[in-house]
Amino acid sequence: MLTDIQTRKLTKLFRLYDANGDGVLVQQDFLTIAARLAELRQGLHASPHYDQILAHLKEDWVCLCEAADQNHDGHITLDEWLLYYGQLLNDIKQYVGRVIALVTLLFDAFDQDDDGYISEQEWMGLLAIFNVLPIYASSIFVNLDLNQDGLLNQDEVLTLIHDFFYINEPSAPANFMFGPY
């Protein structure tokens, strides 16, 4: 069962995935995110990163529908989303296969200079595909960069993602990685 904090954070994540803001998720929301990613990273359409991310987002949609679309209408409500994530977070194999795999793909795509790190600018670009305002993105990065070196490596990002999903301490920096929740 999800805690209150997890429910709030997952509600925020639901809203980020709801590309058109209509209060339900459909496959087009996932495809829109992939298209925004490609637009932000000019030339990404021609890269293996785009194909891998698009394939993963399509798989995410199928997994989400199979596990949560209770009335099989092709629309995922917030309640169905929360049910799905309650199940996913209790199954480490699913968590690794869906969440960690996507985060790893996104990290590789947004590490634009292939230096093994995400800079503040690169982080802001990633958040932009989810319509997080730049004013939030900059302040978010400062709080996530715990060692204050101006960069996040993949291990740091994976730890932050884990903490976002599992930590129930209200002031944990990872709770705010997508903006206020």
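Student: How many salt bridges are there here, and what counts as one?
Tutor: Side chains of opposite charge can pair when their charged atoms come close. The rule is a side-chain nitrogen of Lys or Arg within 4 Å of a carboxyl oxygen of Asp or Glu, and by this rule the count comes to three salt bridges. Before we go on, a word on the ground rules: this is a predicted model, where local features need pLDDT of at least 70, side-chain atom pairs count only at pLDDT 80 or more, and totals for chains, interfaces and linings use all residues. Residues are numbered from 1 along each chain as its sequence is written, and side-chain values use heavy atoms, with hydrogens and water left out.

Student: Fine. Which residue does Asp 4 pair with?
Tutor: Asp 4 forms a salt bridge with Arg 8, and their closest N and O atoms are 3.9 Å apart. Both residues sit in helix α1 (residues 4-17), four residues apart, about one turn of the helix. Helices here are DSSP runs (H or I, at least four residues), numbered from the N terminus.

Student: Which residues does Arg 98 meet in salt bridges?
Tutor: One partner is Glu 59, at 3.4 Å from N to O. That pair links distant parts of the chain: Arg 98 belongs to helix α5 (residues 92-110) and Glu 59 to helix α3 (residues 48-68), 39 residues apart. Another partner is Asp 60, and here the closest N and O atoms are 2.5 Å apart. Asp 60 lies in α3 and Arg 98 in α5, so this pair ties together parts that are 38 residues apart in sequence. Through shared partners, the salt bridges join Glu 59, Asp 60 and Arg 98 into one network.

Student: How do I describe the way α3 and α5 cross?
Tutor: Two packed helices are described by the angle between their axes and the distance between the axes. The axes are lines fitted to C-alpha atoms, for helices over the stretch in contact, and angles run from 0 to 180 degrees between N-to-C directions. For α3 and α5, the axes come within 10 Å and cross at roughly 160°. Angles under 35 degrees count as roughly parallel, over 145 as roughly antiparallel, 65 to 115 as roughly perpendicular and the rest as oblique. That is why α3 and α5 are called roughly antiparallel to each other.

Student: What about backbone angles? Where is phi positive in a residue other than glycine?
Tutor: Most residues other than glycine have a negative phi, and most peptide bonds are trans. His 72 has a positive phi near 55°. His 72 is in the loop between α3 and α4 (78-88), and is exposed because its relative accessible area is 67%. Asn 131 also has a positive phi, near 60°, and belongs to the loop between α6 (120-128) and α7.

Student: Which residues form a nonpolar patch on the surface?
Tutor: Patches are built from residues with over 30% relative accessible area and no salt bridge; like charges are joined within 9 Å, and nonpolar side chains (Val, Leu, Ile, Met, Phe, Trp, Tyr) within 5 Å. Here Leu 133, Ile 135 and Tyr 136 form a nonpolar patch, with about 320 Å² of accessible area together. Accessible areas come from the Shrake-Rupley method with a 1.4 Å probe, and for residues only the protein chains shown count as cover. Tyr 136 lies in helix α7 (residues 134-144), and is partly exposed because its relative accessible area is 37%.

Methods:
Helix = DSSP H or I, 4+ residues; strand = E, 2+ residues; numbered from the N terminus. Buried < 20%, exposed > 50% of the residue type's maximum accessible area, 1.4 Å probe, protein only.
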